[in-house]
Amino acid sequence: MRRSRILGLGKALPDRVVSNFDLEKLMDTSDEWIRQRSGIAERRHVVPGRETTSGLAVKAAKAALDDAGVEARDLDLIVAATLNPDYFFPGIGVFVQEALGCDTIGALDLRTQCTGFIYGLSVADQFIRTGTYERVLVVGAEIQSTALDFSTRGRDVAVLFGDGAGAAVVGASEDEDRGILDTRLHSEGKYAKELWLEAPSAMIPRHEELAEGLTPRWYPAMNGRRVFTHAVRRFTEAIGEGLEATGFKPADIGLLVPHQANLRITEAIGKALELAPEQVYSNIHRYGNTTAASIPIALTEAVEEGRIAAGDLVVLAAFGSGFTWGSAVIRW
Ligand SMILES: CC(C)(COP(=O)(O)OP(=O)(O)OC[C@H]1O[C@@H](n2cnc3c(N)ncnc32)[C@H](O)[C@@H]1OP(=O)(O)O)[C@@H](O)C(=O)NCCC(=O)NCCS
């Protein structure tokens with residue numbers, strides 16, 4: 001059976017480091033509160049106007065292509081995941097296609113927020129397994145900092161999120177025992193408004209919306225408690241489903257690379273699945289939650305740090321706005 005596998009990985013992070021202490025100067029918060037509730041010590045923010053979401057995506061994509069030893073002209077499809085594209089439309093995929101100098105291949109944007117990379121990987125996997133395409137670029141890129149409220153009013157959300165991009169080149173696996181073994185995708189729109197950004201909205205004529213000024217609707221809003229409890233439940237379920245479908249147990253996991261939402265969520269999943277600390281990857285202290293970019297950034301760093309070796313069972317899982325969630329089980 002034909003399988004797909006990750007041929008190369010890359011990441012791109014803005015140079016500007018914003019620590020919890022920097023945020024203390026902007027709002028009523030503290031390093032202690034942020035670390036204790038989320039595990040985050042610092043995150044990266046772009047210099048507004050100087051870097052774009054698609055620009056970060058392109059940097060990560062170039063690094064992943066280099067790592068894979070694949071030329072941009074040999075890509076067959078671009079799958080880009082972001083919740084904050086350069087423009088309302090078109091999406092960032094087409095700008096990535098242009099900047100990489102690809103042929104006029106398909107470029108699609110996914111809007112599944114923190115689960116974007118898992119959805120993208122699943123899309124790539126389907127196209128490759130069916131033999132339609134040979135090489136697909138999956139990139140998650142986010143600039144959150146320009147859309148956050150850095151006053152005390154927005155502190156529950158603003159301290160958690162950061163900017164960055166991560167990418168994977170996915171291609172056919174020559175070894176049928178290695179590669180992406182399973183992906184699982186889910187959604188539950190009933191909870192869409194528990195973590196969302198309401199404006200701009202197609203339901204309101206532009207002139208009316210602009211006349212209202214900069215109200216809270218223009219900033220992301222989150223019911224933190226509800227998101228937390230659903231996240232722990234859905235992450236754990238999605239990992240369990242993937243393991244069951246592939247015939248593995250939690251003890252078989254070489255490394256779990258979860259979406260970096262919150263260290264407390266990651267720890268709760270590890271506890272629920274009875275995983276040892278060395279089975280779970282975390283880099284949230286450095287970057288905060290970079291939504292669709294967090295898994296490919298984490299995967300890139302896990303490989304760089306020697307935490308993943310050929311043959312390891314690697315499990316990816318994510319949960320986020322939508323609600324959306326999912327998992328991927330990979331034999332590396
Ligand atoms: C947001 C979150 C960290 C809040 O943690 P929590 O344990 O629920 O918060 P607590 O109940 O202990 O504290 C809430 C209090 O802290 C305050 N607070 C909120 N943000 C704060 C901040 N950045 N700094 C200081 N205080 C803050 C609140 O106003 C509230 O104050 P009050 O009790 O006077 O009303 C937590 O709910 C969470 O992690 N949720 C999931 C978030 C997430 O991962 N989202 C992305 C999913 S992909």
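A residue is called buried when its relative accessible area is under 20%, exposed when it is over 50%, and partly exposed in between, using a 1.4 Å probe and the protein chains only. This is a predicted model, in which local features need pLDDT of at least 70 and side-chain atom pairs count only at pLDDT 80 or more, while totals for chains, interfaces and linings use all residues. Residues are numbered from 1 along each chain as its sequence is written, and side-chain values use heavy atoms, with hydrogens and water left out.

**Arg217**

Arg217 counts as buried, at 16% relative accessibility. Its place is in the loop between helix 7 (206-211) and strand 10 (221-222); helices (H or I, at least four residues) and strands (E, at least two) are DSSP runs numbered from the N terminus. Leaving aside residues up to four places away in sequence, Arg217 touches Leu197, Glu198, Ala199, Ile204, Glu209 and Glu212, where contact means heavy atoms within 4.5 Å.

**Helix 4**

Helix 4 covers residues 93-100, and Gly93, Val96, Gln97 and Leu100 in this helix are buried. Seen down the axis of helix 4, these buried residues fall within an arc of 100°, so they line one face of the helix. The arc is taken from the directions from the helix axis to the C-beta atoms. The partners against which the buried residues pack are helix 3 (53-68), strand 4 (77-81), strand 5 (106-110) and strand 6 (135-142).

**Cysteines**

Cys102 is buried, with a relative accessible area of 10%, and Cys114 is also buried, at 6% relative accessibility. A disulfide is counted when a pair of cysteine sulfur atoms lies within 2.5 Å, and the count comes to zero disulfides.

**The ligand**

There are 22 residues around the ligand, and Thr29, Arg37, Gly224, Arg225 and Asn262 come nearest; a residue is near if one of its heavy atoms lies within 4 Å. Some polar contacts (pairs of N or O atoms within 3.5 Å) are listed below.

| Residue (polar side-chain atom) | Ligand atom | Distance |
|---|---|---|
| Thr29 | nitrogen | 2.6 Å |
| Asn262 | oxygen | 2.5 Å |
| Arg264 | oxygen | 3.3 Å |

Taken alone the ligand exposes 980 Å², of which the protein buries 73%; accessible areas come from the Shrake-Rupley method with a 1.4 Å probe. Two or more residues of the shell come from each of helix 2 (31-38), helix 6 (155-158), helix 8 (224-246), helix 9 (263-272) and strand 12 (313-320). Helix 8 gives the most, with four residues.

Notes. A polar contact is a pair of N or O atoms within 3.5 Å; within protein, one must be able to donate a hydrogen and the other to accept it, and residues adjacent in sequence count only if both atoms are side-chain atoms.
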